[in-house]
Amino acid sequence: MPRYSTAFGMDVHLRSTTVCALDAETGEAVTRRFRGNPWGEVAEWMSGFPGPSLAAYESGYLGFAPQRELSGLGVDCVVAAVSKVPRSAADLSSKNDRNDAARMAKAILSHDVTPVWVPSPEIEGANTSPPPTTPRPRGSRRRSSGSWRF
């Protein structure tokens, strides 16, 4: 028996959020696209499905904000490690928001989602140091303005 009744796979972007609700018993999928990131509206839509449920999305441009917002609204949500989500050649050939959200929902139900650690906003904000810079090794090639420099 699956651990969750409903899996919510999300494909999150700055201008839109696509959510696929996948019923564990029937396999029925319902997909909805939201303009922008109206997390309250997304959480309300998710509450109309049977529980327990889990929502997941791949980490990306918006970072941990969707997870924090949805968790604050009572939605069990994780950020999936991008490198750990299984992909097939067929997934890569039919890549779009709807398919990506459905793939994430299926990964939840098959227990193929590896969540990443979500730091608190305080811990995340504490990393204010600039990234380390390392000098280029001597003799390394560098392409600049169409010509090779040695």
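This is a selection-by-selection tour of a predicted model. Residues are numbered from 1 along each chain as its sequence is written. Local features need pLDDT of at least 70, side-chain atom pairs count only at pLDDT 80 or more, totals for chains, interfaces and linings use all residues, and side-chain values use heavy atoms, with hydrogens and water left out.

**Helix pair.** Select residues 39-46, helix α1, and residues 65-72, helix α2. Helices (H or I, at least four residues) and strands (E, at least two) are DSSP runs, numbered from the N terminus. The two axes come within 9 Å and cross at roughly 55°; axes are lines fitted to C-alpha atoms, for helices over the stretch in contact, and angles run from 0 to 180 degrees between N-to-C directions. α1 and α2 are therefore oblique to each other (under 35 degrees is roughly parallel, over 145 roughly antiparallel, 65 to 115 roughly perpendicular, the rest oblique). On α1, show Trp39, Val42 and Ala43; on α2, show Pro66, Glu69 and Leu70: these residues make the contact (heavy atoms within 4.5 Å). By class, the contact has 5 nonpolar, no polar and 1 charged residues (Ala, Val, Leu, Ile, Met, Phe, Trp, Tyr, Cys and Pro are nonpolar, Asp, Glu, Lys and Arg charged, the others, Gly among them, polar).

Select Pro52, in the loop between α1 and β4. The peptide bond from Gly51 to Pro52 is cis, with omega near 0°. Most peptide bonds are trans.

**Largest pocket.** Select Asp11, Val12, His13, Glu58 and Ser59, which lie nearest the centre of the largest pocket among its 16 lining residues. A pocket is an open set of points on a 1 Å grid over the protein atoms alone, where a 1.4 Å probe fits, with protein on both sides within 12 Å along at least five of seven lines; lining residues have an atom within 4 Å of a point. The lining divides into 7 nonpolar, 4 polar and 5 charged residues.

**Second largest pocket.** Select its lining: Arg3, Tyr4, Leu54, Asp76, Val78, Ile108, His111, Val113 and Pro115.

**His111.** Keep His111, in the loop between α4 and α5 (121-126). His111 has a positive phi of about 60° although it is not a glycine.
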